[in-house]
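I hope they are handy as you look around.

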Amino acid sequence: MSGAGPVEPGEGTHAWDDTDTRAWDETDMPRPPGRPRDRLARRYHRHRRAVLGCAAALAVLAGSGYLYAGRPRQPTPPPPPYPVQVVDLVYLDAVPGPGGAEPGDFSFAVLLSVRSGRPVTVTRLAQPYDGLAMTSSPAAPFQTKSHSARKIIVTLRVTECEKAPRNLGLPFLNVTLRNARAIQAHSFILGSRYAQDLSQALQAACDQDSG
């Protein structure tokens with residue numbers, strides 16, 4: 001007998017029945033472990049505002065540093081001048097000696113002026129010749145401000161005529177000056193009129209002493 005009929009399931013098998021079919025849901029499938037890049041992305045999204053804020057702050061700091069480094073630099077102010085460069089000392093004239101002056105004293109006036117810069121202090125005022133003693137009014141140390149002048153009365157006294165100079169050509173005074181820059185000792189030549197007045201005073205004092 002021949003004919004076509006339903007296929008019988010083999011041993012150990014059963015027919016595929018629609019009732020046994022179960023739809024597979026993607027949610028039922030196990031998920032692979034997340035990759036490191038995915039975890040970093042999720043962290044970035046969670047902390048996005050903080051990351052952007054830090055990046056903006058770093059950009060501002062970098063820009064500020066660039067502007068600070070590239071700003072025009074102020075030139076360094078020049079140092080103050082040396083005191084000798086701004087001080088003048090000139091001879092004015094012979095003056096009567098102060099009260100109680102002894103015979104043979106020679107007093108004269110000089111003018112010390114400071115042209116510019118910081119105040120200048122006279123720390124020492126002296127004459128270089130043996131046989132003479134010297135005093136001044138005001139006595140050192142004293143200060144003179146910039147753009148001003150000070151009159152100084154100098155009195156010379158003969159102590160030993162044998163050592164006193166005669167026929168002076170270019171007599172001078174030794175002055176030690178100090179300002180904010182330096183301390184300097186300088187010899188100021190007071191000119192021919194001072195030389196003449198001093199020579200006459202010394203000659204008169206020593207002639208009177210010998211007589």
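1. In this predicted model, four strands form an open sheet in the order β1-β2-β6-β4, and the pairing is antiparallel. The edges are taken by β1 (87-95) and β4 (132-137), each of which pairs on one side only. On average, neighbouring strands of the sheet are turned by 25° against each other, direction ignored.

2. Do have a look at the β1 and β2 pairing: with β2 covering residues 106-114, the two strands run antiparallel over eight bridges. If you want a landmark there, D88 has S113 in β2 as its bridge partner.

3. Searching the whole structure gives five aromatic pairs. One of them is Y91 with Y194, which counts as tilted because the ring centres are 5.2 Å apart and the planes stand at 55°. Y91 belongs to strand β1 and Y194 to helix α4 (residues 192-210), so this pair ties together parts 103 residues apart in sequence. Both ends are buried: Y91 has 8% relative accessibility, and Y194 has a relative accessible area of 1%.

4. Y194 also forms a tilted aromatic pair with F108, at 4.8 Å centre to centre and 50° between the planes. Since F108 lies in strand β2 and Y194 in helix α4, the pair ties together parts 86 residues apart in sequence. F108 is buried, as is Y194.

5. Taken together, ring pairs link Y91, F106, F108 and Y194 into a cluster.

6. One more contact to check: R181 lies over the face of Y82, 4.0 Å from the ring centre.

Methods: Residues numbered from 1 in each chain as written. Predicted model: local features only at pLDDT ≥ 70, side-chain atom pairs only at ≥ 80, totals over all residues. Heavy atoms only, no water. Pairing = 2+ DSSP bridges. Axes fitted to C-alpha atoms, helices over the stretch in contact; angles between N-to-C directions. Phe/Tyr/Trp six-rings, centres within 6.5 Å; stacked < 30°, edge-to-face > 60°. Buried < 20%, exposed > 50% of the residue type's maximum accessible area, 1.4 Å probe, protein only. Lys NZ or Arg CZ within 6 Å of the ring centre and 35° of its normal.
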